[in-house]
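Please look through the sequence and the structure below. The paragraphs that follow take the reader from the core to the contacts between parts, and then to strands and single residues.

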Amino acid sequence: MTGRNKWISLGVLALLIALLPLFFPSGYYYRVGALIFVNALSVVGLVILIGYAGQISLGHAGFAGIGAYACALAPEHLGLHPALAVLLGAVVSGVMAALIGKPILRLKGYYLAVATLGFGILVSMVLTNERALTGGPDGMNVADLGLRGLLRDMGWRLSGGEFWYMICGVVLLVGAWLALNLFDSPSGRAMRALHGSEVAASTVGVDVPRQKLRAFVISAVYASVAGSLLALQNGYITPDVAGFMHSVEMVTMAVLGGVGSVLGATFGAAILTLLPQVLTVFAEYEQLVLGLVMVLVMIFLPQGLLPSIARRLKGRDE
Amino acid sequence: MSLLDVQGLGISFGGLKAVNDVSFKVSPGEIVSVIGPNGAGKTTLFNMISGVYQPGRGSVSLSGTEVTGVAPNRLAEMGLSRTFQNLQIFQEMTVLDNVLAGYHLSERGSVWADLLSLPGMRRRAAEAREGARRLLERVRLDKAAEQVAGNLSYGALKRLEIARALALNPKILLLDEPAAGCNAVETEEIDHLIAELAASGIAILLVEHDMKLVMRISNHIVVLDHGEKIAEGDPATVSRDPAVIAAYLGTEEEEPAHADG
């Protein structure tokens with residue numbers, strides 16, 4: 001990817017975020033949009049881990065849980081501003097990722113998948129069982145960010161949906177920008193190199209364990225910030241955010257959209273967030289159709305939706 | 001002082017001595033070839049010297065520092081670079097990115113600079129890109145720079161691997177069968193390239209099956225058979241050595257010198 005492609009990807013994303021509201025039939029869609037952006041943010045993190053560095057995680061919802069509960073707990077118990085709680089969550093997630101990543105990233109393939117899965121389940125169990133602190137399975141309230149009130153005082157009135165659509169859209173853009181910068185940087189090249197051949201990467205001087213850990217920590221921070229944003233916009237959080245199904249959902253979005261590309265990942269997040277809403281017309285067959293769509297995509301477009309479509313279009317041009 | 005000093009190097013795989021008690025030295029600007037029949041342990045020897053395998057016995061020194069069993073990325077920092085017999089190309093990356101990966105040590109910086117695309121990172125990357133383009137020209141792959149490496153022909157991938165190894169600006173270069181699968185013209189190009197590199201002061205350690213190439217460009221030849229060094233010397237000496245001829249053409253019963261080795 002050249003520098004030009006980076007700005008094209010970002011431009012497309014920015015335009016979509018800015019123009020989509022023109023087609024929203026009701027305020028409800030701002031909520032859906034914000035949810036897509038939050039999901040896309042954690043999936044962009046997974047693009048770095050899976051797409052760049054070639055490592056798998058089935059436990060990234062654990063980091064989303066840490067980010068979400070940091071926003072719920074820190075303002076109440078530490079008196080931190082919710083915005084600082086997002087930061088705290090990100091730091092805690094990053095440190096956790098570094099600590100657990102060091103031993104488990106030595107594992108490969110499905111062993112790594114199982115180890116990360118274990119971590120995710122651990123976080124989710126702690127959140128569910130520490131009732132005194134987290135409210136258990138019922139979840140807990142999350143303090144307001146306070147920014148919307150500030151904007152209102154300055155004369156800019158936004159609905160909750162509009163406000164979170166904007167915030168999440170901007171954070172997603174920043175996240176995409178960082179990920180695209182990384183792609184075409186020494187670290188990104190080192191990650192992609194070890195993805196291709198670990199032995200060759202190390203013979204050109206890449207510290208393979210270190211670069212894997214970098215990708216793991218960065219992607220954990222993405223998931224954490226996404227979890228924080230989810231908690232803040234809902235004003236409420238349950239341990240489901242850290243659940244196994246959420247981890248699987250993230251990976252599915254990444255793979256469905258195209259795990260090598262930031263734009264593809266966003267696309268995957270959009271599809272898998274929207275599809276269940278659209279498929280409600282199928283009532284009880286919703287899950288069935290969803291599963292079928294995913295299976296068909298993987299069979300016929302194994303690179304993921306966006307890269308496969310892009311390749312087809314390119315092929316037609318030539 | 002020799003640049004690379006291998007002393008009594010050996011490794012066993014489940015009781016089988018794949019390489020046993022091999023010693024030799026390589027000086028700057030010298031081309032040393034390791035030859036021997038298939039399965040003689042040449043690639044295993046390379047893997048031990050380059051840190052891919054942990055040697056069971058013996059030692060490797062680089063510029064006077066002992067580096068036995070040191071990780072490949074640390075050896076790369078000390079100026080040792082290599083190619084692989086069974087190509088280890090970053091298939092999904094572009095040709096240019098493959099060579100840029102070889103610039104990792106000179107272009108790496110803090111992860112923050114990479115994430116934020118800070119000017120320092122962009123400057124280092126631009127310098128690396130310029131160098132990478134020059135190297136691609138040198139191996140005649142400049143036109144393919146933006147192609148995905150996996151689409152290249154076998155011969156082109158061989159040259160790409162050499163370019164990537166050169167990107168490290170090595171003091172010593174280990175080439176594992178660089179001419180394998182190449183046609184006569186390509187082999188001659190590789191021949192010229194190796195001679196040029198040696199002339200510029202890089203020490204070359206070569207494993208190659210093309211005997212004409214080996215005899216033409218080597219200063220010194222080490223012959224392995226069944227994991228042991230059976231001969232060494234300049235090309236003329238080695239090619240007349242009865243043990244070498246026996247190893248390549250098979251031994252008669254009355255020639256037991258190395259059957260038990």
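A nonpolar core is a set of buried Ala, Val, Leu, Ile, Met, Phe, Trp, Tyr and Cys residues joined through C-beta atoms within 7 Å. A residue is buried if 20 or more other C-beta atoms lie within 10 Å of its own, exposed if 12 or fewer, and partly exposed in between, with C-beta atoms placed from the backbone. This is a predicted model, in which local features need pLDDT of at least 70, side-chain atom pairs count only at pLDDT 80 or more, and totals for chains, interfaces and linings use all residues. Residues are numbered from 1 along each chain as its sequence is written, while chains are lettered from A and ligands numbered from 1 in the order in which they are written.

The largest nonpolar core holds 180 residues, and Val47(A), Ala254(A) and Ile204(B) have the most contacts inside it. Helix H2 (residues 28-52) of chain A provides the largest share of this core, 16 residues. Helices (H or I, at least four residues) and strands (E, at least two) are DSSP runs, numbered from the N terminus. From chain B, the core draws at least three residues from each of domain 1 (1-79 + 170-261) and domain 2 (90-168); these domain bounds come from an automatic or database domain assignment. Two residues are in contact if their C-beta atoms, placed from the backbone, lie within 7 Å. Apart from neighbours within four places in sequence, Ile204(B) is in contact with Ile31(B), Val32(B), Leu173(B), Leu175(B), Ile194(B), Leu197(B) and Ala198(B).

In chain A, the UniProt annotation "transmembrane region", from an unreviewed entry, covers residues 7-24, 30-51, 58-75, 81-100, 109-127, 163-183, 254-275 and 287-306. UniProt positions are given in the numbering used here, feature names are shortened, and annotations may be inferred rather than shown by experiment. In the model, one of these spans, residues 163-183 of chain A, is 100% helix and 0% strand, with its end C-alpha atoms 30 Å apart. For residues 58-75 of chain A the end C-alpha atoms lie 29 Å apart, and the span is 83% helix and 0% strand.

Next comes the contact between the chains. It takes 22 residues from chain A and 32 residues from chain B. On the side of chain A that touches chain B, helix H8 (160-183), helix H9 (186-196) and helix H10 (198-203) of chain A each supply at least two residues. H9(A) gives the most to this side, with eight residues. The residues of this side of chain A divide into nine nonpolar, nine polar and four charged. Here Ala, Val, Leu, Ile, Met, Phe, Trp, Tyr, Cys and Pro count as nonpolar, Asp, Glu, Lys and Arg as charged, and the others, Gly among them, as polar.

The C-alpha centres of domain 1 of chain B and domain 2 of chain B lie 28 Å apart. Their contact takes nine residues from domain 1 of chain B and seven residues from domain 2 of chain B. Helix H2 (72-77) and helix H8 (184-199) of chain B are the elements that give two or more residues to the domain 1 side. That side divides into six nonpolar, one polar and two charged residues.

Glu77(B) has its place in helix H2 of chain B. Not counting residues up to four places away in sequence, Glu77(B) touches Gly205(A) and Leu105(B). Glu77(B) counts as partly exposed because 14 other C-beta atoms lie within 10 Å.

Chain B also contains an open sheet of four strands in the order S2-S1-S4-S5, with antiparallel pairing. Two strands pair if DSSP finds at least two bridges between them. The edge strands, S2 (16-26) and S5 (65-66) of chain B, each pair on one side only. Five bridges join strand S1 (residues 4-13) of chain B to S4(B), and Gly10(B) has Arg57(B) as its bridge partner in S4(B). Strand S4 (residues 57-62) of chain B is joined to S5(B) by two bridges: Leu62(B) stands opposite Thr65(B), and Ser61(B) opposite Glu66(B).

The hairpin of S4(B) and S5(B) has two residues between the strands, and Ser63(B) takes a positive phi near 50° there. Ser63(B) is partly exposed because 16 other C-beta atoms lie within 10 Å. Another hairpin, formed by S9(B) and S10(B), has two residues between them, and His226(B) in the turn has a positive phi of about 50°. Five bridges join strand S9 (residues 220-225) to strand S10 (residues 228-233) of chain B, which run antiparallel.
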